[in-house]
Amino acid sequence: MLTREQAAKLDDEDPLAALRDDFVIDDGGPIYLDGNSLGRLPRATVTRLAELVEQEWGTALVQSWDHWIDLPTEVGDRLGASFLGAAAGQVLVADSTTVNLYKLVAAAVDARAGAIVADRNDFPSDRYVVEGVAATKGRELRWMASDPVDGPTLDDVADAVRGRDVAVVVLSLVGYRSSAWAAARGIADVVRSAGAFMLWDCSHAVGAVPIALDADGTDLAVGCTYKYLNGGPGSPAFLYVRREHQAALRQPVWGWFAQRDQFAMGPHHDPVDGIGRFGVGTPPIPGLVAVDVGIEVLLRAGIGALRAKSVALTEAVVELSDDWLAPLGFTVGSPRDPARRGGHVSLRHPDAESLVAVLRDAGVVADFRAPDSIRVAPVAAYTRFVDAWDGLDRLRRIASGWRSS
Ligand SMILES: *Cc1c(COP(=O)(O)O)cnc(C)c1O
């Protein structure tokens, strides 16, 4: 069993230990195990945003649009190259994940006949968006019932696309509750040979696990930037459209930021070629700049080193949970094989909601996801092994005195 001394030793030997200093962290503050919901603030973001506000906005004013205007594609290219495995010209940073998902699902359905396939265990916004597109466009919505712990499998997907036309399959690459990491390439193969678009929501994957959108045959993708990428609350999300599909797809919000010769102010919408056609309106510049800084800070480690530490951290959480929490009525709600698990671990208990509240009062921030999961995210960029150890230790103490209500 992992002792606190061993955890401290792992921190001493951690090649990423210094990266923690790149974040604003109060060492006397709570133990933060919720970076998959809102990532921490990078120190460089504080100075970069102050500069942006004081100089680019405060002084240069509207002239700053000369360079701001290209940020959605420039930051998109940097994100594509660093954390998405996407060649240039296929990623745009704009709007929220929900809005991007709507844009891409609607575009996919307009381009191809057939049903929308989605996962009953997916994140609520994802389920609602496909529900809405299916209803407004008069398409069948076929729900896949994936395993709540192991996530969607090749067989689940093969069953769902068999026998009828399917326009698009929408799935999360890493499950928001279970942390299950889907087999991207195998699933995309099944989906594409059925004639459908494969759309991955990478919100809980980007910055946590290596992603190879181009190589894995992904058609479309979306994802958040305020989780593992540390872009800050409400920072704009990304969308990916594989180059070969861009010309054939038209998203439903016809805004002037997708317009060819934007400032000609022409009478009809005529979208540009390329990824810019998936833009809508004026981009949120402070958020975009913060995303850029978040990417730059994580690149000091790179996804290989981040993932290696993340696996070691989540393995420690699973091990401690087995030793301490299983006898107290907890089960692990995430895949046990680290190769099938993202950056967080879900711990299930019938009183998870109350336990999370008491845990917060005891100085450990994790979160609850209905019906019975405590999500623990030891984010590699800034979480120490002793933080994971102390967090689980506090949960054990609380749970051992717990009387089920
Ligand atoms: C966090 C998350 C979202 C959030 O979408 P917003 O539009 O940013 O609110 C959507 N989908 C998934 C899978 C998520 O994990």
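Of the 405 residues of the protein, 56% count as buried. The model on display is predicted, and the tour below moves from the whole chain to selected places within it.

**The whole chain**

Begin with all residues shown as a cartoon. The protein contains 13 helices and 13 strands. Its C-alpha atoms occupy a box of roughly 70 × 60 × 35 Å along the principal axes. The radius of gyration is 22 Å, which agrees with the value near 22 Å for a compact globule of 405 residues.

Colouring by charge will bring out 40 positive and 54 negative side chains. The centres of these two sets lie 3 Å apart.

How far apart in sequence are the residues that touch? Among contacts between residues at least 6 apart in sequence, 71% join residues at least 24 apart.

**Strand 3 and its two partners**

Select residues 115-119, which form strand 3. Is this strand enclosed or open to the outside? Of its 5 residues, 5 are buried, so strand 3 is largely enclosed by the rest of the structure.

Display the side chains of the strand. In a regular strand the side chains alternate between the two faces of the sheet. Here A115, V117 and D119 lie on one side, while I116 and A118 lie on the other. Both faces are covered, for every one of these residues is buried.

To find one place where they meet, select I116, whose bridge partner in strand 5 is V168.

Select A118 to see W143 of strand 4 standing opposite.

**Helix 4**

Move to residues 71-84, helix 4. An α-helix has 3.6 residues a turn, so residues three or four places apart point the same way. Which residues of helix 4 are buried? They are L71, P72, V75, G76, L79, G80, S82, F83 and L84.

With these residues selected, show the surrounding elements. The buried residues of helix 4 pack against helix 3 (65-68), strand 2 (91-93), strand 8 (238-241), helix 10 and helix 11. Directly after the helix, select G85, which has a positive phi near 60°.

**The loop between helices 10 and 11**

Helix 10 covers residues 285-299 and helix 11 covers residues 303-325. In the loop between them, select A301. Which residues does A301 touch, leaving aside its neighbours within four places in sequence? It is in contact with L16, L19 and L306.

Most residues other than glycine have a negative phi, and most peptide bonds are trans.

Select D95, in the loop between strand 2 and helix 5 (97-111). Its phi is near 55°, a positive value in a residue other than glycine. D95 counts as partly exposed because its relative accessibility is 26%, between the limits of 20% and 50%.

Continue to M265, in the loop between helix 9 (243-246) and helix 10. M265 is not a glycine, yet its phi is positive, at about 55°. With 54% relative accessibility, M265 counts as exposed.

Finally, select A370 and P371. The peptide bond from A370 to P371 is cis, with omega near 5°. P371 belongs to the loop between strand 12 (367-369) and strand 13 (373-376).

Strand 9 is joined by 2 bridges to strand 10 (residues 345-348), and the two run antiparallel. Select T331 to find R348 of strand 10 opposite.

From strand 10, continue to strand 13, where the antiparallel pairing extends over 4 bridges. To close the tour, select L347, whose bridge partner in strand 13 is I374.

Terms used:
Residues are numbered from 1 along each chain as its sequence is written. This is a predicted model: local features need pLDDT of at least 70, side-chain atom pairs count only at pLDDT 80 or more; totals for chains, interfaces and linings use all residues. Side-chain values use heavy atoms; hydrogens and water are left out. The radius of gyration is taken over C-alpha atoms; the globule rule is 2.2 Å times the number of residues to the power 0.38. Buried means under 20% relative accessible area, exposed over 50%, partly exposed in between (1.4 Å probe, protein chains only). Contact means heavy atoms within 4.5 Å. Lys and Arg count as positive and Asp and Glu as negative; His and the chain ends are not counted. The place of a charge is taken as NZ of Lys, CZ of Arg, CG of Asp or CD of Glu. Two strands pair if DSSP finds at least two bridges between them.
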